[in-house]
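Please look over the following model before reading on. The paragraphs below consider its cavities and then its contacts with DNA.

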There are 2 protein chains.
Amino acid sequence: MTTDAGAPRARAAESGARRLPTVNDVARLAGVSKGTVSKVLNGRAGIATDTREQVESAARQLGYRPNLQALSLMEGRTGTVGLLTHDLEGRFCLPILMGAEDALGAGKLSVFLCDARGDAIREQYHLEALLARRVDGLIVVGDRAAPRASLGDLPVPVVYASGPSMNPDDTSVVPDDVQAGRAGADHLLSIGRRRIAYIGGDPSYPGAHRRAEGVTSLLSERGLELVVPPMLNAWTETWGLQAARQILAKRPDVDAIMCGNDQIARGVVDALREQGKSVPGDVAVLGHDNWETLVLAARPPLSSIDANYQRLGGKAAQLLFAAMSGSPEPGLHYIDSTVVPRESTLA
Amino acid sequence: MTTDAGAPRARAAESGARRLPTVNDVARLAGVSKGTVSKVLNGRAGIATDTREQVESAARQLGYRPNLQALSLMEGRTGTVGLLTHDLEGRFCLPILMGAEDALGAGKLSVFLCDARGDAIREQYHLEALLARRVDGLIVVGDRAAPRASLGDLPVPVVYASGPSMNPDDTSVVPDDVQAGRAGADHLLSIGRRRIAYIGGDPSYPGAHRRAEGVTSLLSERGLELVVPPMLNAWTETWGLQAARQILAKRPDVDAIMCGNDQIARGVVDALREQGKSVPGDVAVLGHDNWETLVLAARPPLSSIDANYQRLGGKAAQLLFAAMSGSPEPGLHYIDSTVVPRESTLA
DNA sequence: TTGTATGCGTTATCAA
DNA sequence: TTGATAACGCATACAA
């Protein structure tokens with residue numbers, strides 16, 4: 001006896017939502033069995049042409065869409081991944097998400113987004129929910145303040161993006177801050193600047209130091225050094241303003257100031273204007289992060305180092321995909337940054 | 001005979017992922033049947049105390065987590081909602097998401113995030129994917145440029161957030177721009193300003209006009225009017241700078257400038273500094289959107305109108321929840337904006 | 001060429 | 001108090 005489709009489920013009836021058509025509905029309308037419908041809809045061979053047409057027409061008529069939930073029960077995988085973020089502002093999270101989506105979407109994976117907002121309890125809660133939904137993998141976006149504790153041994157592969165896991169056996173993808181510093185310094189040298197200063201962000205961020213390191217290392221390779229030691233303090237416009245004033249007081253001959261982020265760079269531009277220095281005529285200014293809203297609104301528009309977060313997201317997705325396919329690539333993976341030149345560092 | 005759990009699925013074996021334990025595994029370990037396990041784990045009454053303990057211990061030992069995918073097959077609902085966005089920057093999307101998550105998370109719903117990036121093809125693709133995954137509802141975040149085309153008659157409830165649907169029978173939640181303008185104007189009057197100018201954003205955005213309307217309507221109710229007609233042009237810092245210069249040229253006695261967004265306000269502050277006017281001593285400046293990165297970095301920190309996007313997200317979730325429960329509330333729902341006073345409008 | 005039975009992981013029902 | 005079984009929507013192996 002054919003399984004009876006039965007009465008509409010209580011829940012669906014309550015909610016007033018139309019019940020979506022199933023293979024059974026299509027089968028009944030086409031006057032064939034469930035199995036036949038399935039074969040037709042999946043392009044299996046060995047079906048009479050008119051039966052095929054019957055079924056296809058019925059499916060179209062009902063607006064049939066296969067239920068991926070049911071499918072995943074059979075396949076043992078859900079085709080979903082979780083993206084667990086701590087980035088409140090979404091400044092870095094969304095590019096990562098977009099890059100991940102591009103890479104995963106091609107493989108037909110959907111993304112569950114969870115914002116834990118830096119709260120461990122909330123993170124645990126979301127983690128449980130994602131595992132209960134049987135995600136096939138997990139991308140964890142940490143903030144850049146410090147490496148984060150590993151989530152430990154989970155039943156699904158995990159890739160840490162932006163903020164790496166403290167456990168080197170985990171898979172992490174991070175911007176290469178040293179390379180970024182080097183690229184920025186190289187750019188300033190290439191436009192003929194030689195008396196360079198560096199204003200960095202909050203020294204409690206490891207990245208703040210690494211960015212500065214990249215600069216000093218490249219300069220020393222070229223037989224140069226900063227006009228004053230790197231000044232690290234905060235990621236703010238105010239700090240950029242203060243620091244630039246100090247630098248100008250000590251070394252009025254400075255011809256380029258490189259900054260730990262774009263906010264600092266904006267403060268620097270203000271300080272330079274205050275002192276009657278022209279940008280880039282007297283002093284070139286280079287930001288970091290390439291935050292378009294800030295950078296394009298500045299006068300002049302700021303050159304900035306782009307950490308390529310979207311590419312980072314793509315790489316994270318690719319690593320996750322590899323791990324889900326049984327070929328994990330543990331360890332730290334670095335993404336190169338790129339200098340985006342604008343008026344503030346014209347030659 | 002009890003159903004045999006069978007061999008590990010091929011896929012799971014391939015991917016190297018541990019197979020997660022099922023009720024069957026727990027039942028076997030505890031030496032009881034599936035049904036008994038289910039009853040224990042769901043706190044059903046009528047279970048012997050020692051059986052209960054057996055099962056609970058087995059579940060703990062295996063790290064059992066119920067499979068929500070399987071559950072949703074039975075319940076006829078998945079406990080997931082789709083969030084379809086067009087907001088590239090994520091500036092407004094993420095607060096909305098956070099608000100929605102708070103509201104939905106309490107009801108144990110998870111969120112699929114899809115970024116269509118303003119591309120209709122991509123939107124259609126994501127929509128299909130979400131429906132195939134049987135989301136219980138959909139929140140569509142439009143950009144604010146213009147009302148968007150309705151997605152039409154979908155098998156699940158839809159709530160449009162931020163950018164409303166053109167179809168008044170749909171459910172939409174949007175910031176109340178008129179009220180926002182009124183609130184801002186009221187604030188400026190309350191600190192004693194009377195000669196107010198308004199610099200707005202891109203006139204192709206309906207919201208740009210409504211914000212200005214709110215200002216003029218409140219002023220006229222108090223027997224006042226703007227010192228010059230509202231000036232709408234672009235959402236940029238550059239426009240703020242230009243417009244402020246023009247206003248100062250025509251009406252050097254202006255004592256407050258209200259802006260369509262925070263970028264404009266920053267340009268205005270620059271223009272005022274250029275002309276030697278103090279903020280807020282000579283001229284008060286009020287931004288809109290309360291974008292903290294911009295607003296706190298300005299000198300002085302800018303007062304700004306907050307559209308409460310997080311609350312908007314919460315309201316969208318609540319409306320979606322209501323619709324999913326069979327009580328849709330079609331039409332346009334407005335969220336009030338709030339003035340966040342800082343130094344730039346001190347009395 | 002088509003139909004039927006089975007199982008994926010759950011819960012609910014009903015029989016024991 | 002516990003166990004067996006059906007059902008959710010689908011694909012697939014196998015029987016007809």
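Which element gives the most to the lining of the second largest cavity? It is α11(B), with four residues, where helices are DSSP runs (H or I, at least four residues) numbered from the N terminus. This is a predicted model, in which local features need pLDDT of at least 70, side-chain atom pairs count only at pLDDT 80 or more, and totals for chains, interfaces and linings use all residues. Residues are numbered from 1 along each chain as its sequence is written, chains are lettered from A and ligands numbered from 1 in the order in which they are written, and side-chain values use heavy atoms, with hydrogens and water left out.

A cavity here is a set of points, on a 1 Å grid over the protein atoms alone, where a 1.4 Å probe fits but cannot get out, and its lining residues have an atom within 4 Å of a point. The second largest cavity holds about 70 Å³ of space, and its lining includes A:Glu237, A:Asp270 and B:Arg266. The largest cavity has a volume of about 90 Å³, and α11(A) supplies the largest share of its lining, four residues.

α3(B) gives the most to the surface near DNA strand C, with four residues.

How values were computed:
Helix = DSSP H or I, 4+ residues; strand = E, 2+ residues; numbered from the N terminus. 1 Å grid on protein atoms, 1.4 Å probe; cavity = no way out; pocket = protein on both sides within 12 Å on 5 of 7 lines; lining within 4 Å. Points joined across faces, edges and corners; volume = space filled by probe spheres on them.
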